[in-house]
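Thanks, everyone. I'll take the fold, then the ligand. Have a look at this one.

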Amino acid sequence: MKQKTYNIPAITKFQQKYQTNKAKPQQLKIASINTQRGTAIYGNWKMNPSTVEEAVALSHDIMLKLDPYFKTKPATAEVGICPPSGLMTIVNGMLLDSRAAKPVQIGAQNIHHEKKGAFTGEMSASLVKSLGASCVIIGHSERRGGQSAYESNKQINQKLNLAIDSKLLPIFCIGETLKEKELGKKYDILATQLFEGLKGLKEKIKSGNEMIIAYEPVWAIGTGKTATSKDAQDTIFYIRRFLSHLIGIEKALKIRIQYGGSMNEKNAMELLSQPDIDGGLIGGASLKAPEFSKIVQAADVKQKIHQDEKAATEAIKQFNLIQANALERLQKAKISRSRFYDTTEAMLKDLKAKKQLQQPTQIEIKPRASV
Ligand code: 13P
């Protein structure tokens with residue numbers, strides 16, 4: 001049975017309603033420079049490694065690399081590993097045994113969409129939880145697309161429900177295939193996956209912290225072809241904007257949205273420095289301890305950006321103060337507005353020279369017409 005993901009009537013309906021791929025200026029106001037969402041770097045080991053011994057060795061190596069980093073300072077990123085289900089207990093044990101100041105979360109790669117019952121070869125949400133998992137990947141393209149299963153959006157919706165009910169953090173994967181991208185269907189696909197996957201979840205998502213979304217373009221998974229940081233940012237921003245229609249702006253601004261697809265030690269920092277990219281779901285590179293550890297550390301770029309944002313906010317405050325004072329003087333002196341802006345600019349330059357503004361480039365002064 002082939003999964004239907006587009007050209008269903010519902011799309012047209014909600015596209016008309018929300019105009020999903022038209023960026024209205026007022027909607028763009030929710031552009032989120034909010035780096036306080038936190039960053040989440042999770043490794044998806046998929047069907048690797050092949051033996052318990054290899055899994056023990058890999059877990060050990062990862063902790064060996066992360067331990068010193070975790071100890072020097074509070075890590076920026078929340079870190080997790082999703083091994084195959086049969087390895088969860090042993091990997092969890094290894095991660096718990098570690099002396100790491102900050103524990104690494106353990107996650108599952110899937111759960112069944114029913115609570116329990118006669119489903120040979122499947123794992124329930126409650127079992128996954130009791131095996132020590134704190135999160136679960138849901139709707140990975142390798143399960144949607146027929147490599148492992150033909151999961152439907154409906155089943156994914158049931159799984160998301162179950163995961164949240166079981167206090168598991170779902171990492172909800174969405175993404176378009178190369179063909180869909182080439183046909184210009186990317187936004188339809190993402191909108192459908194979000195719309196169908198999150199049906200009825202508005203109330204369950206109370207703060208936005210109950211879920212991570214992972215944007216994984218299928219064409220980038222395991223291919224070495226990463227989306228450009230601009231493309232990834234634009235698409236993730238679109239996702240956040242669409243989410244705001246589904247669950248409300250406040251929650252949409254809080255939900256962490258990861259990028260996944262050939263993320264590696266070389267491109268991680270560039271991707272993570274984008275304002276809407278709140279982490280990564282890492283496949284191949286999470287199987288190499290040094291590389292995974294470097295990706296985790298690349299998330300520090302978020303902290304740096306956050307500090308810069310604080311500096312910029314402070315600078316803007318100062319600027320507003322100058323504006324207010326200057327406006328007062330302007331009113332007293334009855335000089336023209338354009339001169340007011342000239343005056344303000346001069347004052348700003350003065351401040352820059354005195355290095356009192358740390359982020360002067362963030363401020364735009366637009367001279368206005370004289371009054
Ligand atoms: P790669 O990092 O190997 O491209 O895999 C990404 C992925 O599918 C994570 O879930």
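**Barrel and ligand**

Start with the fold. Eight strands close into a barrel, in the order E1-E2-E3-E4-E5-E6-E7-E8, and the pairing is parallel. From one strand to the next, the twist averages 25°. Keep in mind that this is a predicted model.

A word on pairing in general. Strands of a sheet pair through backbone hydrogen bonds, and they do so either parallel or antiparallel.

Now one pair in detail. E1 covers residues 39-44, and E2 covers residues 77-82. The two run parallel, joined by six bridges. Thr39 stands opposite Ala77 in E2.

On to the ligand. Which residues surround the ligand? Going up in number, we have Asn44, Lys46, His140 and Glu216. Then come Ala220, Ile221 and Gly222. Gly261, Ser262, Leu281, Gly283 and Gly284 complete the list. By class, this shell divides into three nonpolar, seven polar and two charged residues. Note Asn44: this residue belongs to the shell, and E1 spans residues 39-44.

- Asn44: an N or O atom of the side chain is 3.0 Å from a ligand oxygen.
- Glu216: a polar side-chain atom lies 2.9 Å from an oxygen of the ligand.
- Gly222: here a polar backbone atom is 2.6 Å from a ligand oxygen.

How much of the ligand's accessible area does the protein cover? On its own, the ligand has 310 Å² of accessible area, and the protein covers 95% of that.

Technical notes
Residues numbered from 1 in each chain as written. Predicted model: local features only at pLDDT ≥ 70, side-chain atom pairs only at ≥ 80, totals over all residues. Heavy atoms only, no water. Near = heavy atom within 4 Å. Polar contact = N/O pair within 3.5 Å; in protein donor to acceptor, adjacent residues only side chain to side chain. Areas by Shrake-Rupley, 256 points an atom, 1.4 Å probe, with all protein chains shown as cover. Nonpolar A, V, L, I, M, F, W, Y, C, P; charged D, E, K, R; others polar. Pairing = 2+ DSSP bridges. Helix = DSSP H or I, 4+ residues; strand = E, 2+ residues; numbered from the N terminus. Axes fitted to C-alpha atoms, helices over the stretch in contact; angles between N-to-C directions.
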